[in-house]
Amino acid sequence: MDDYIYAIDPQDNQIGEMALEAAEQTTLREYDAREFLNYLEQKHLLSNFFLQELGKAQKWSYRQTKRVLISAEERVISVLQELVEQFGKEIAQGIVILPKWIKIVTLAKLSGCSRNMASRSIQNLKDKDIITQENMPWQINYKALANLYN
């Protein structure tokens, strides 16, 4: 939510297309990366942009470091929480859906564990009524997920 622009629902778009949504009502412009950086520099926003990106990188680094110290199941849950924060779309009070491209194999790769371990972790979450995986996309009770290890 702190991004200037972020991708939404990439699975609903045609190949080669990406939908973008601004954080507030504004005019969207498409730029080459160099043009974009030059534009930010001209508007005196480049340092803010890099600080924002650095903040995200530090947050990612902290999460990766933390994941080294926890069990495989906790890593899966940690990655799932991050995916909910980044890509979750709220459909009801406390319930979010994740994009269709997020599957067990994706979760396993991002968590650095086996597909079997990711599957067991998801099954444990299903048993606790935190995730519904019967149909795509996954539905997650994000409040229950966030309180799982607190």
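User: At what angle do the axes of helix 4 and helix 5 cross?

Analyst: A pair of packed helices is described by the angle between their axes and by the distance between the axes. In this predicted model, the axes of helix 4 (residues 104-111) and helix 5 (residues 115-127) cross at roughly 110° and come within 8 Å. Angles of 65 to 115 degrees count as roughly perpendicular, and helix 4 and helix 5 are therefore roughly perpendicular to each other. The crossing of helix 4 past helix 5 is right-handed.

User: Which residues make the contact?

Analyst: Helix 4 contributes Ile 104, Leu 107 and Ala 108, while helix 5 contributes Arg 115, Ala 118, Ser 119 and Ile 122. Of the residues in this contact, five are nonpolar, one is polar and one is charged.

User: What is the order of the strands in the open sheet?

Analyst: Strands of a sheet pair through backbone hydrogen bonds, in either a parallel or an antiparallel manner. Here the open sheet has four strands in the order 3-4-6-5, and the pairing is antiparallel. Strand 3 (89-92) and strand 5 (131-132) are the edge strands, each pairing on one side only.

User: How many bridges join strand 5 to strand 6?

Analyst: Two bridges join strand 5 to strand 6 (residues 139-141), and these strands run antiparallel. Thr 132 stands opposite Gln 139 in strand 6.

Note on methods. Residues are numbered from 1 along each chain as its sequence is written. This is a predicted model: local features need pLDDT of at least 70, side-chain atom pairs count only at pLDDT 80 or more; totals for chains, interfaces and linings use all residues. Side-chain values use heavy atoms; hydrogens and water are left out. Axes are lines fitted to C-alpha atoms, for helices over the stretch in contact, and angles run from 0 to 180 degrees between N-to-C directions. Angles under 35 degrees count as roughly parallel, over 145 as roughly antiparallel, 65 to 115 as roughly perpendicular and the rest as oblique. A crossing is left-handed if the near helix is turned anticlockwise from the far one by less than a right angle, and right-handed if clockwise. Contact means heavy atoms within 4.5 Å. Ala, Val, Leu, Ile, Met, Phe, Trp, Tyr, Cys and Pro count as nonpolar, Asp, Glu, Lys and Arg as charged, and the others, Gly among them, as polar. Two strands pair if DSSP finds at least two bridges between them.
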